[in-house]
Structures are given as C-alpha cells and as structure tokens.
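We will walk through it stop by stop.

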Amino acid sequence: MIGVRLRRSERVDDLGLGGLRIIQHPRSFCFSLDAVLLAHFVRLRPQDKVVDLGAGNGAISLLLAARGARTVAAVELDKAAASRAARSVQLSRRSSQIQVYCGDYRQKLPQMPGGIWDIVVANPPYFQPERGKGSVEKGLARQEVTATLTDVLKAARRLVRFRGRVALVHRADRMVDVLTAMREANLEPKRLQLVQPRGAAPANLLLIEGVHGGKPGLEVLAPLAVYEADGSYTAQLWACYETAPTQI
C-alpha cells in the first residue's frame, strides 16, 4: 500500500469518493455519515484554504480535498488518530493538499496562523460528559471532555478570516445551543439544513454554516432524508458518492 503500514487491528475502508481510503481502528471513533454530510454541505471554492478541527482519522479532510479544496489543515489532539489521518492522507495520495497536525486547537498552534483561513469545519462532540457512554477513545470524540462547543467555536473564530465561513454538524436537539453559541462567537448563522433518518421521521442532525462578522439572516434549506422506506439510501444521499461506501 504505497509504503503505508497498518498497526495491529487497524483496517482500511473505502470512502466512496475519488479513490479515497481511510485507516480506522475498531476501538477508536470511526467516521460516520455525519462526516460525509458535513463535507458535502460546505460551500467550497477551488481556492479555499480549510481547517478541520478535531479531524479524527481524517475523513472530512479527505472528502474536502476530493471536492477541490486548495489546502486542508487537519488538527487532531489524539496521537493515534492523528497518525491514522496522516497515513490515510498518504494512502489516498492527497499529501499535496492535506497537512495533519497533532495538537490542541484550543491553544494557538505555531503552524496554524489565525485569521487567514477561508473555511473552518468541525464535527464536534455531541454530548455533555454525563450523557455519553462507551470506551475512553470513543468518549473523547462523542462527549465534551477535551473540548466544549464553545471551545470549538472560539478556535474557529480565531482561525477563520473575516467573512470566512464556519460549518458544523451537530445533533438537532441541540440546535438552540449551537445557534446561540455561534452568535455569541460572532459567527452569524447563515445556512441551516436538518437531516432526517427518513422523510416522515423527526430530524436527528443539523448542518449549520455561519459567517464571521456576517449580518443576521438565516437560510433554512429543505430537509435531507437519508433512507427510503425500504432502507436504501435516498437520491440526495447517493449524490455524495461515486461508488458504494463501506463501513458506514
């Protein structure tokens, strides 16, 4: 695999776009449909420089590179996850576009100058610490242990340029928290889309994009349904892929 070595229990999955492959570990947080939805929700231009906060194994970074981002800086605190992300970038032949940094984005990182990035994306922890369950590795990705929603947005605001965009995927039941925190961070919510498991089901996810220093005015897009009644993906969802993905 072009010189990329897998460590014990690691596996390689197909992201279903642009020949991208990602290295994952079953005991760590594996990428989900949330990452795919966020990567395709972001309004992306070929010249855009992007930061992926809490990049994990690098799924969002890889997908944004495949969509044509000029450069992507993937920032991940966990050393093992950052290693998998860096090797996934190499395996997917995207080293010219993506740079992986292992560090705490709550701090000012020397490799990450503030105020110059066109887009910041994040798939932040969804749950407050007392609500989530599971392994320590997965808990750090799912619960607000190492970074709260406010921490994520403060880092995003510090990094993104004025009039640049910040996009998140989060739980629909935390919509008020997300919108309030974004406005408090001077990241004015501008586009919102709810995601439903099926057309008749209540939304369980939200996709939100805010603008640093933007004026009030929120565009609410038509909801996105993931599954048809028979359990197959909808046409909206299949539009995110070139080939059938694995391990989602």
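The tour below starts with the whole chain and then moves to single elements and residues.

**Before you click**

This is a predicted model, in which local features need pLDDT of at least 70 and side-chain atom pairs count only at pLDDT 80 or more, while totals for chains, interfaces and linings use all residues. Residues are numbered from 1 along each chain as its sequence is written, and side-chain values use heavy atoms, with hydrogens and water left out.

**Stop 1: the whole chain**

Select everything and switch to a cartoon view. The protein chain has seven helices and eleven strands; both are DSSP runs numbered from the N terminus, helices being H or I with at least four residues and strands E with at least two. Now colour by burial, where buried means under 20% relative accessible area, exposed over 50%, and partly exposed in between (1.4 Å probe, protein chains only). Of the 248 residues, 52% count as buried.

The accessible surface comes to about 11500 Å², and carbon and sulfur atoms hold 51% of that. These areas come from the Shrake-Rupley method with a 1.4 Å probe, and for residues only the protein chains shown count as cover.

Among contacts with a separation of 6 or more, 69% link residues 24 or more positions apart.

**Stop 2: helix H1**

Select residues 33-41. Eight of the nine residues of helix H1 are buried, so the rest of the structure largely encloses this helix. The buried residues are Leu33, Asp34, Ala35, Val36, Leu37, Leu38, Ala39 and Phe41.

Zoom in on Leu38, which lies in H1. Is Leu38 buried or exposed? Its relative accessibility is 0%, so Leu38 counts as buried. Leaving aside neighbours within four places in sequence, Leu38 is in contact with Ile60, Val121, Ala122, Asn123, Ala167, Leu168, Val169 and Leu207.

**Stop 3**

Next, select Leu159, in helix H5 (residues 149-159). Leu159 has a relative accessible area of 3% and is buried. Not counting residues up to four places away in sequence, Leu159 touches Val51, Leu53, Met112, Pro113, Gly114, Gly115, Ile116, Trp117 and Val120.

How many cavities of 30 Å³ or more does the structure hold? There is one. A cavity is a set of points, on a 1 Å grid over the protein atoms alone, where a 1.4 Å probe fits but cannot get out, and lining residues have an atom within 4 Å of a point. Grid points are joined across faces, edges and corners, and the volume is the space filled by probe spheres set on the points.

The largest cavity has about 30 Å³ of space. Select its lining: Leu53, Val75, Tyr105, Gln107, Lys108, Leu109, Met112, Arg158 and Leu159. By class, this lining has six nonpolar, one polar and two charged residues. Here Ala, Val, Leu, Ile, Met, Phe, Trp, Tyr, Cys and Pro count as nonpolar, Asp, Glu, Lys and Arg as charged, and the others, Gly among them, as polar.

**Stop 4**

Select Arg163 in strand S7 (residues 160-171). Arg163 is not a glycine, yet has a positive phi of about 75°. Its relative accessible area of 39% makes Arg163 partly exposed.

Then pick Asn186, in the loop between helix H6 (175-184) and S8. Asn186 also has a positive phi, near 65°, in a residue other than glycine. At 34% relative accessibility, Asn186 is partly exposed.

**Stop 5: Gln196**

Carry on to Gln196, within strand S8 (residues 187-198). With 16% relative accessibility, Gln196 counts as buried. Beyond its neighbours within four places in sequence, Gln196 is in contact with residues including Ala201, Asn204, Pro223 and Val226.

**Stop 6: an aromatic cluster**

Finally, select Tyr227, Tyr233 and Trp238, which form one aromatic cluster. Rings of Phe, Tyr and Trp (its six-membered ring) pair if their centres lie within 6.5 Å; planes under 30 degrees apart count as stacked, over 60 as edge-to-face and the rest as tilted. By this rule there are two aromatic pairs. In one of them, the ring centres of Tyr233 and Trp238 are 5.3 Å apart and the planes are at 70°, so this pair is edge-to-face. Tyr233 is buried at 15% relative accessibility, whereas Trp238 is partly exposed at 37%.

Terms used. Contact = heavy atoms within 4.5 Å. 1 Å grid on protein atoms, 1.4 Å probe; cavity = no way out; pocket = protein on both sides within 12 Å on 5 of 7 lines; lining within 4 Å.
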